[in-house]
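The following note sets out several points for a colleague who has the model open. Please read each point against the coordinates.

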Amino acid sequence: MDVINIIEKLYKTNDASKEELLYLLDNIDENSKELLIKRANETRKKYYKNKVYMRGLIELTSFCKKNCLYCGLRRHNKNADRYRLTLDEILECVRKGDKLGYKTFVLQGGEDEYFTDDKMVEIIKAIKSEFPDNAITLSLGERSYDSYKKMYDAGADRYLLRHESASKELYESIHPGEPFEKRRNCLKNLKDIGYQSGAGFMVGIPGQTNEDLVNDLRFVKEFEPAMCGIGPFIPHKDTPLRNYEHGSLEKTVICLAIVRLLLPKVLLPATTALSSIDPKGREEGLKAGGNVIMPNLSPMSVRKKYSLYDNKAYILDEDAEYRTMIEQKINEAGYEVEVSRGDNPEFRK
């Protein structure tokens, strides 16, 4: 086997076996990494040109019933500063975002039972009533098939549910008491209902091996999500994993590039987490095939409270200035902001 040949095969066929992907991750060097990123960028340009899609992120709630070992919102974190946004506050964020040019809103939150199906349907319908042409992405964790269906029928377009890890043992080690199969079943339900469904994983979870990452890459290839969120593990001071090192920018960027080659049309965020571990992290993510950025539209008063991990980048930037700054950075990296819903061309509702 040869790393260069594997990269060229990935580029030409958009596929690689487990053995090839493992060999690639085990043996990649600076020259082959350069080629991988070049091929990923070429593939992204083929389908999306130089466009980068902006999504306005609204963090609904910092309450969560889950106890995931890596997350600052975990229910056993007694130091977490909890909040919930009201419908009026959410609509104010949406109006502000629309004025700034965002045509997709991402409603994200911990798994908070306060936000029942009825409440979510009310929120979705209120947004769609005022902004019928804007897309709504939900990221609210594991819910029942009926719950997902009600929100979809109310007007939600997309749902992002990271699978976190496609290795059962690793997944269950960081999600105490949570069966591995439940997350996969939720992803299947979302796709069956008709959502533009998003999966994704963390790079650098304590105990993670290259074999685990290969499992993630193959899962993503086989599931074929419309979106894929990939970011480095970053520790939070009030969690059991607080003393571990964060995942590496380099390995995260390599995984982004491989996913772009495996799924040429996927919507691939260059996450805030990348910028949180390196000032140029987001630009590196864009160069490796990323084509989505999600600036924060949440009220300034709650942004510090939505603390998934420590040292989050851009947490208190003013929105208008932030939009200008982000567009400038995107342009400097050789890309242009696209003001549209930015649907995956193969997943249209």
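Contact, as used in this note, means heavy atoms within 4.5 Å. Helices (H or I, at least four residues) and strands (E, at least two) are DSSP runs, numbered from the N terminus. This is a predicted model, in which local features need pLDDT of at least 70 and side-chain atom pairs count only at pLDDT 80 or more, while totals for chains, interfaces and linings use all residues. Residues are numbered from 1 along each chain as its sequence is written, and side-chain values use heavy atoms, with hydrogens and water left out.

1. Helix H1. Buried means under 20% relative accessible area, exposed over 50%, and partly exposed in between (1.4 Å probe, protein chains only). In helix H1 (residues 3-13), the buried residues are Val 3, Ile 6, Ile 7, Glu 8 and Leu 10. These buried residues pack against helix H2 (18-27), helix H3 (30-48) and helix H10 (249-262). The N-terminal end of H1 is capped by Asp 2, with a side-chain oxygen 3.1 Å from the backbone nitrogen of Ile 4. A polar contact is a pair of N or O atoms within 3.5 Å; within protein, one must be able to donate a hydrogen and the other to accept it, and residues adjacent in sequence count only if both atoms are side-chain atoms.

2. Helix H2. The buried residues here include Glu 20, Leu 21, Leu 24 and Leu 25. They lie on the same side of H2, because they cover an arc of only 130° around the axis. The arc is that of the directions from the helix axis to the C-beta atoms. An α-helix has 3.6 residues a turn, so residues three or four places apart point the same way. The cover over the buried residues of H2 includes H1, helix H9 (210-223) and H10.

3. Helix H6. Which residues of helix H6 (residues 145-154) are buried? They are Ser 147, Tyr 148, Met 151, Tyr 152 and Ala 154. Their arc around the axis is only 160°, which puts them on the same side of H6. The face turned away from that buried side carries the exposed residues Asp 146 and Asp 153. Among the elements covering the buried residues of H6 are helix H5 (117-130), strand E4 (135-139), strand E5 (158-160) and helix H8 (180-193). Just after H6, Gly 155 has a positive phi of about 130°.

4. Most residues other than glycine have a negative phi, and most peptide bonds are trans. Asn 14, in the loop between H1 and H2, is not a glycine, yet its phi is positive, near 55°. Asn 14 counts as buried, at 18% relative accessibility. Lys 49, in the loop between H3 and E1, has a positive phi of about 55° although it is not a glycine. Lys 49 is exposed, with a relative accessible area of 59%.

5. The E8-E1-E9 sheet. Two strands pair if DSSP finds at least two bridges between them. Three strands form an open sheet in the order E8-E1-E9, with parallel pairing. Strand E8 (292-293) and strand E9 (336-338) are the edge strands, each pairing on one side only. Strand E1 (residues 51-54) is joined to E9 by three bridges in the parallel sense. Within that pairing, Val 52 has Val 337 as its bridge partner, and Tyr 53 stands opposite Glu 338. On the E8 side, two bridges join the parallel strands E1 and E8, and Met 54 stands opposite Ile 293.

6. Cysteines. How many disulfides are there? With a disulfide taken as a pair of cysteine sulfur atoms within 2.5 Å, the count is zero. Cys 68 is in no disulfide, the nearest cysteine sulfur being that of Cys 64, 6.3 Å away. Cys 68 counts as buried, at 10% relative accessibility. For Cys 255, the closest cysteine sulfur is in Cys 228 at 9.6 Å, too far for a bond. Cys 255 also counts as buried, at 0% relative accessibility.

7. The UniProt record (unreviewed entry) places "domain: Radical SAM core" at residues 50-271. UniProt positions are given in the numbering used here, feature names are shortened, and annotations may be inferred rather than shown by experiment. In the model, the span 50-271 is 39% helix and 17% strand, and its end C-alpha atoms lie 18 Å apart.
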